[in-house]
Number of protein chains: 2
Amino acid sequence: MTNLAVIGPGLLGASIAMAAKRAGNFRVSIWARRETAVSELQTRGIGDFASTDLRKTSENADLAILCVPIGAMPSLGRQLAAILHPGALVTDVGSVKGSVVAELNAIFTGGVRFVGSHPMAGSEQTGMGFARADLFDEQVCIVTPDPTSQAQDIERVSSFWKNLGCRVRQLGPDEHDEIVAMISHFPHLLAAALVDSVCARSPAALDFAGPGFRDTTRVASGPPEMWSEILGVNRLAVKKSAEAMIEKLQEIMTLLDRPYPGGADSMNQFLTSAKTQRDRLQFRA
Amino acid sequence: MTNLAVIGPGLLGASIAMAAKRAGNFRVSIWARRETAVSELQTRGIGDFASTDLRKTSENADLAILCVPIGAMPSLGRQLAAILHPGALVTDVGSVKGSVVAELNAIFTGGVRFVGSHPMAGSEQTGMGFARADLFDEQVCIVTPDPTSQAQDIERVSSFWKNLGCRVRQLGPDEHDEIVAMISHFPHLLAAALVDSVCARSPAALDFAGPGFRDTTRVASGPPEMWSEILGVNRLAVKKSAEAMIEKLQEIMTLLDRPYPGGADSMNQFLTSAKTQRDRLQFRA
């Protein structure tokens with residue numbers, strides 16, 4: 001039996017609790033900042049125990065997972081470091097790793113250790129009302145050890161996510177931030193920019209949108225506060241993605257300049273190449 | 001009983017046939033270019049009759065729907081004009097309207113008349129294997145009359161799509177092309193550009209992608225030949241969207257330049273505004 005402390009009762013925290021109970025062999029305690037969230041967890045029957053008292057939820061934990069906004073992690077981390085028993089392991093679900101991992105590593109230097117992780121799950125929806133035990137099934141979880149990480153800790157964190165249904169991958173914290181800027185942070189900004197750009201030109205245009213536009217822009221319905229924090233912390237990598245995209249769009253506009261039908265050949269080549277690459281994602285859950 | 005001729009057995013044509021049979025009161029004939037498609041329609045039990053002979057599928061039609069690539073429409077339109085009986089109505093499902101409507105209107109000047117339409121349905125999948133009777137449920141269909149269109153023809157075409165489950169809207173052909181460039185044609189190109197841009201920078205990055213990236217880029221798995229034709233024909237409107245997007249991205253990069261955490265406020269405002277606009281799409285089918 002593993003004692004699991006989930007720190008934060010949002011979509012990810014509550015889904016982790018549910019997925020751990022589904023996996024079996026976990027006792028799950030959940031910390032929430034607000035009493036109303038504790039009551040809601042109890043009403044929904046999520047986890048075995050919930051409290052606003054960090055000591056009560058965490059003192060027996062073998063594994064604690066920070067599921068709070070990245071800005072709240074250091075302060076909660078420091079409190080956890082004083083509560084957890086030696087040998088306990090801490091991980092997180094933050095979308096940015098470089099600075100966050102460095103800060104948390106500096107906190108967990110004693111018998112309690114830290115290895116970062118980032119499950120590529122979640123959705124534009126927020127709150128435990130949307131939590132699902134199968135949220136992590138077949139999704140990638142990126143574990144982000146750094147040179148100070150110990151092999152057995154990396155292994156424990158990786159096993160945990162596999163147990164929840166994830167396909168586990170490893171990246172260094174900085175490499176993680178570069179890659180996730182490309183496939184998550186910047187695409188989020190791009191979806192918001194597309195909505196904004198369309199509405200600025202024709203406020204009524206959205207009334208005509210089909211399922212394509214709905215999917216392309218889905219992430220833009222995500223929580224703005226969480227995303228502005230992520231984009232701010234990882235802004236250098238996000239800027240590189242934005243610059244690459246502007247260049248790519250300028251390049252594509254030259255394809256549009258070639259008169260149709262002749263120009264259709266180069267456009268066809270470009271779209272075929274993009275389709276081939278994107279089809280790699282097609283048959284994943 | 002309405003005799004419906006569906007010209008083309010792809011995802012849209014086959015779905016129209018199935019939706020019409022579900023609606024009842026239709027006899028559905030389907031024309032296909034290839035005998036193998038005719039056999040497949042028969043095996044799948046789609047429609048009442050299928051043939052490669054345009055006369056056999058269309059001579060009794062009250063309504064004929066062109067469900068072929070836009071480049072193939074004028075030639076099939078001319079053949080249909082010689083086959084259909086006076087009073088028959090023709091429409092289409094093409095994604096571009098301005099030039100296509102003009103060309104088809106020039107063909108259907110006698111007793112057979114034309115009113116364009118564009119159901120905002122479909123997906124990245126192609127072929128009758130993915131056809132569904134409910135493909136049009138709650139989706140927008142844009143009917144595109146021009147000044148030569150007659151009120152009763154617009155009404156007949158609109159009723160037909162409502163009968164299939166659509167929410168019908170009207171736009172002039174050119175207005176259609178401007179708006180659909182914003183919400184469909186350019187977003188398609190943008191999704192392809194995002195995939196291409198990421199893969200050019202880091203071919204392995206896609207292995208880490210989550211459901212957000214998968215949805216944002218879904219349309220990029222659509223048929224390249226069809227899309228390069230659409231983008232070529234509507235390239236002036238698509239270019240305007242691309243230019244607006246480049247400008248928007250440059251504007252957003254100035255938000256990223258403001259140091260975090262102060263800059264997070266303006267980013268938060270931007271994301272909140274985009275979310276509010278995008279949430280209008282949230283609760284539609």
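1. Two strands are taken to pair if DSSP finds at least two bridges between them. Strands (E, at least two residues) and helices (H or I, at least four) are DSSP runs, numbered from the N terminus. With these terms, A:Ile7 stands opposite A:Leu66 in E4(A).

2. The model is predicted: local features need pLDDT of at least 70 and side-chain atom pairs count only at pLDDT 80 or more, whereas totals for chains, interfaces and linings use all residues. Residues are numbered from 1 along each chain as its sequence is written, and chains are lettered from A and ligands numbered from 1 in the order in which they are written.

3. Chain A holds an open sheet of six strands with parallel pairing, in the order E3-E2-E1-E4-E5-E6. At its edges stand strand E3 (49-51) and strand E6 (113-114) of chain A; each has a single partner strand, so one side of each is left without a neighbour in the sheet. Within this sheet, strand E1 (residues 2-7) and strand E4 (residues 63-66) of chain A pair in the parallel sense over four bridges.

4. Helix H4 (residues 73-83) of chain A packs on the sheet and touches E1, E4 and strand E5 (89-92) of chain A. Contact here requires that the C-beta atoms of two residues, placed from the backbone, lie within 7 Å. The direction of H4 makes about 160° with that of E4(A). Axes are lines fitted to C-alpha atoms, for helices over the stretch in contact, and angles run from 0 to 180 degrees between N-to-C directions. Helix H6 (residues 151-163) of chain A lies across E4, E5 and E6 of chain A, at about 55° to E5(A).

5. In chain B, an open sheet of six strands has the order E3-E2-E1-E4-E5-E6, with parallel pairing. The edge strands of chain B, E3 (49-51) and E6 (113-114), each pair on one side only. Strand E1 (residues 2-7) and strand E2 (residues 26-31) of chain B pair in the parallel sense over six bridges; B:Ser29 in E2(B) is the bridge partner of B:Ala5.

6. Between the chains, 81 residues of chain A are in contact with 81 residues of chain B. Elements of chain A that each supply at least two residues of the side touching chain B include strand E8 (140-144), helix H7 (173-201) and helix H10 (235-257). H7(A) gives the largest share of that side, 17 residues.

7. By class, the side of chain A that touches chain B has 46 nonpolar, 19 polar and 16 charged residues. Ala, Val, Leu, Ile, Met, Phe, Trp, Tyr, Cys and Pro count as nonpolar, Asp, Glu, Lys and Arg as charged, and the others, Gly among them, as polar.
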